[in-house]
Amino acid sequence: MKEILEKLRVKGVTLTPQRIAIVEFLKKITAHPTVDDIHKAIRRKYPTMSMATVYSTLELLKELGEIQELSIRKRGKACFDSNPKLHHHFLCRKCGKITDVEVDCPIIKKGWVDECKVEEAQAYLYGVCSECLKKEKSKKDKS
Ligand SMILES: [Zn+2]
Ligand SMILES: [Zn+2]
């Protein structure tokens with residue numbers, strides 16, 4: 001967290017309380033929020049927070065490699081992941097929840113493929129999550 005702020009400072013970014021709040025928010029949550037989610041959450045504390053600030057801060061963090069942008073939601077909004085490590089994602093088509101997927105993938109583990117350095121690797125998996133499956137099952141059992 002401090003490290004990220006330091007990196008931003010080195011880049012010459014002015015660390016306004018709003019910017020710091022965005023970094024704090026992203027580092028705290030494990031979900032995958034959209035720009036709207038982030039904007040709404042920060043606006044509770046900083047009502048003057050603009051969408052432009054959210055976008056520009058996210059761009060900076062992306063450049064630093066601290067977060068990644070996911071386009072797992074087809075035709076939907078991009079969402080952001082504060083876990084910069086290479087990993088995959090699962091989207092539940094029932095409840096819309098996105099979860100991290102740890103797959104034992106040799107390319108991701110090595111970070112290299114045929115002498116090329118892998119910087120981004122994301123598989124988007126779609127289906128029904130365990131919670132929704134449970135719900136479906138209990139519905140069926142009742143009827
Ligand atoms: Zn679900
Ligand atoms: Zn993730």
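**View 1. Strand 3 beside strand 7 in a predicted model.** Strand 3 (88-92) runs parallel to strand 7 (residues 124-127), and 4 bridges join the two. Strands here are DSSP runs (E, at least two residues), helices are DSSP runs (H or I, at least four residues), and both are numbered from the N terminus. Two strands count as paired if DSSP finds at least two bridges between them. His 89 has Tyr 124 as its bridge partner in strand 7. The model is predicted, so local features need pLDDT of at least 70 and side-chain atom pairs count only at pLDDT 80 or more, while totals for chains, interfaces and linings use all residues. Residues are numbered from 1 along each chain as its sequence is written, chains are lettered from A and ligands numbered from 1 in the order in which they are written, and side-chain values use heavy atoms, with hydrogens and water left out.

**View 2. The hairpin of strand 3 and strand 4.** These two strands pair in the antiparallel sense over 4 bridges. The hairpin has 5 residues between its strands, and Gly 96 in the turn has a positive phi of about 80°. Phe 90 is bridged to Thr 99 in strand 4.

**View 3. The two faces of strand 3.**

**View 4. The zinc ion (ligand 2) and its protein donors.** His 32 (NE2), Asp 81 (OD), His 87 (NE2), His 89 (NE2) and Asp 100 (OD) lie 1.8 to 2.3 Å from the zinc ion. Donors are N, O and S atoms within 2.8 Å of the metal (3.2 Å for Na, K and Ca); water is not among the atoms, so sites may look incomplete. His 87 sits in the loop between strand 2 (79-81) and strand 3, and Asp 100 in strand 4 (residues 98-101), so this pair ties together parts 13 residues apart in sequence. His 87 is buried at 2% relative accessible area, whereas Asp 100 is partly exposed at 35%.

**View 5. Helix 1 against helix 2.** Helix 1 (residues 2-10) packs on helix 2 (residues 17-28) at an angle of about 145°, with the axes 10 Å apart. Axes are lines fitted to C-alpha atoms, for helices over the stretch in contact, and angles run from 0 to 180 degrees between N-to-C directions. Ile 4, Leu 5 and Leu 8 in helix 1 meet Ile 20, Val 23 and Lys 27 in helix 2 (contact: heavy atoms within 4.5 Å).

Key. Buried means under 20% relative accessible area, exposed over 50%, partly exposed in between (1.4 Å probe, protein chains only).
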